Every structure is written in structure tokens, then in C-alpha cells.
Amino acid sequence: DTPENALVKSEAAEVFRQLLLDKKIGPLSTWQAALPKIVFDERFRVLPTHSERRKVYDAFVKTRMAEERKERKLRKQQQIEAFKELLQELVDESLSFIEFCAKYDDDERFLAVADPAERETLYSARMKEVQELLQSQKQQAKAQFLELLRDLKVSKEHTWATVRRLLSSRRIGEEEDEET
């Protein structure tokens, strides 16, 4: 086998692989099932021996199986990402899963995840995130309000009317500062 022969063999093998692709030979096809589909194509004889054809076929089937597995995995990840994108639009925890399904059942991002159990799992995870976010915002608002009350030196002896007057006068003061 000279380098030129090796190059010619690899080119021939590539032509044979292309034949298999063109005839849509799947990774689960057996050699016996694929043979009638490819035997009458002129590219079938590009490899001189039956054993060489079979060797290239077996390698093709293995490779196609791995490629299809990767393609399915990638497609599934893209579908889940599309569904998660839809879930990112949810910022209200009051929507139940059933209401969510009814509202978005015609959205292609919703339909991208076919398994209802998987949809519900992803929905539940997002709702947990939303609840944590809302809880964090509530705690932050409460802390800011308590800080404001400390700044105003509000104590337990103050009535709500007094506190409201203090808050109102502070807001008016801030508005005057913004105008100047």
C-alpha cells in the first residue's frame, strides 16, 4: 500500500459513505437490509471487495449511531432551553401548573417538551426560583423600611398617624431636593 493507494482507498471509502447517506441508510439497518438499496448504484463498486464495503458499512453504522445520539441529545437540550425561556417569563407565583398549561398550550416553546411530567418538574423548579426571588425582594423591602423608620427615629410610642406624617414630610423634602 503506497501513500497514493491509501489516499485513493480513503476517497473511495468516502464515496461509499456518501452513497449510504444518500440512500438514507440508518444506523439500525442491517447489511442485508441495506444491500438491495445500494447494490445497483454505481458508487457501490468504488470499493473493489465485499469485505472492504462491509468494513466501511460497519464503521458508518457505528458513526451514524453516535451522531444521531448526539443530535437527539442536542435537540432535547434545545427544547428544554426553549421551555425554560418560556418559564423565565413567569414572574408571578400565583399561576398554578394547570393554569400555566392552559395559558401556554399553543406556544411552541411549551410544546417543545413533550413529556408532561418533565414540564411539571421544570415548572416546579421555576416556581421555587420565583418564590425565592419574591421572598428576597420582600425581605429587602422590609429591611429598607425598617432602616427608614430608624432614620426617622420612630419608636413604639409613635402612632401610625404620626409615622405617616413623618414619612410624608420626608417625601416632600426629597421632592424639593430633586427640584433644586
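Which residues does arginine 43 touch, not counting residues up to four places away in sequence?

A: Leaving aside residues up to four places away in sequence, arginine 43 touches Val15, Phe16, Gln18, Leu19 and Asp22, where contact means heavy atoms within 4.5 Å. The model is a predicted one, in which local features need pLDDT of at least 70 and side-chain atom pairs count only at pLDDT 80 or more, while totals for chains, interfaces and linings use all residues. Residues are numbered from 1 along each chain as its sequence is written, and side-chain values use heavy atoms, with hydrogens and water left out.

Arginine 43 itself lies in the loop between H2 and H3, the helices being DSSP runs (H or I, at least four residues; strands are E, at least two) numbered from the N terminus. With a relative accessible area of 23%, arginine 43 is partly exposed, a class that falls between buried (under 20%) and exposed (over 50%), computed with a 1.4 Å probe on protein chains only. From arginine 43 to glutamine 135 the C-alpha separation is 67 Å in space, across 92 residues of sequence.

Lysine 24, in the loop between helix H1 (3–22) and helix H2 (31–38), has a positive phi of about 55° although it is not a glycine, and its relative accessible area of 68% makes lysine 24 exposed. Lysine 153, in the loop between H6 and helix H7 (160–179), likewise has a positive phi of about 55° without being a glycine, and at 65% relative accessibility lysine 153 is also exposed.

Beyond the loop that holds arginine 43, helix H3 spans residues 50–88, and its axis comes within 10 Å of the axis of helix H6 (residues 116–151), the two crossing at roughly 40°. H3 is therefore oblique to H6, since angles under 35 degrees count as roughly parallel, over 145 as roughly antiparallel, 65 to 115 as roughly perpendicular and the rest as oblique; the axes are lines fitted to C-alpha atoms over the stretch in contact, with angles from 0 to 180 degrees between N-to-C directions. On the H3 side, Lys76, Ile80, Phe83, Lys84, Leu87 and Gln88 take part, and they meet Glu118, Arg119, Leu122, Tyr123, Arg126 and Glu129 in H6. Elsewhere in H3 sits glutamate 68, which is partly exposed at a relative accessible area of 24%, and whose C-alpha atom is separated by 21 Å from that of arginine 54, 14 residues apart along the chain.

Phenylalanine 83, a member of the H3 contact with H6, also belongs to one aromatic cluster with Phe97, Phe100, Tyr104, Phe110 and Tyr123. Rings of Phe, Tyr and Trp (its six-membered ring) pair if their centres lie within 6.5 Å, with planes under 30 degrees apart counted as stacked, over 60 as edge-to-face and the rest as tilted. The count under this rule is nine aromatic pairs, among them the edge-to-face pair of phenylalanine 83 and phenylalanine 100, at 6.0 Å centre to centre and 80° between the planes. That pair links distant parts of the chain, phenylalanine 83 in helix H3 and phenylalanine 100 in helix H4 (residues 97–104), 17 residues apart. Phenylalanine 83 is buried at a relative accessible area of 0%, and phenylalanine 100 counts as buried at 0%.
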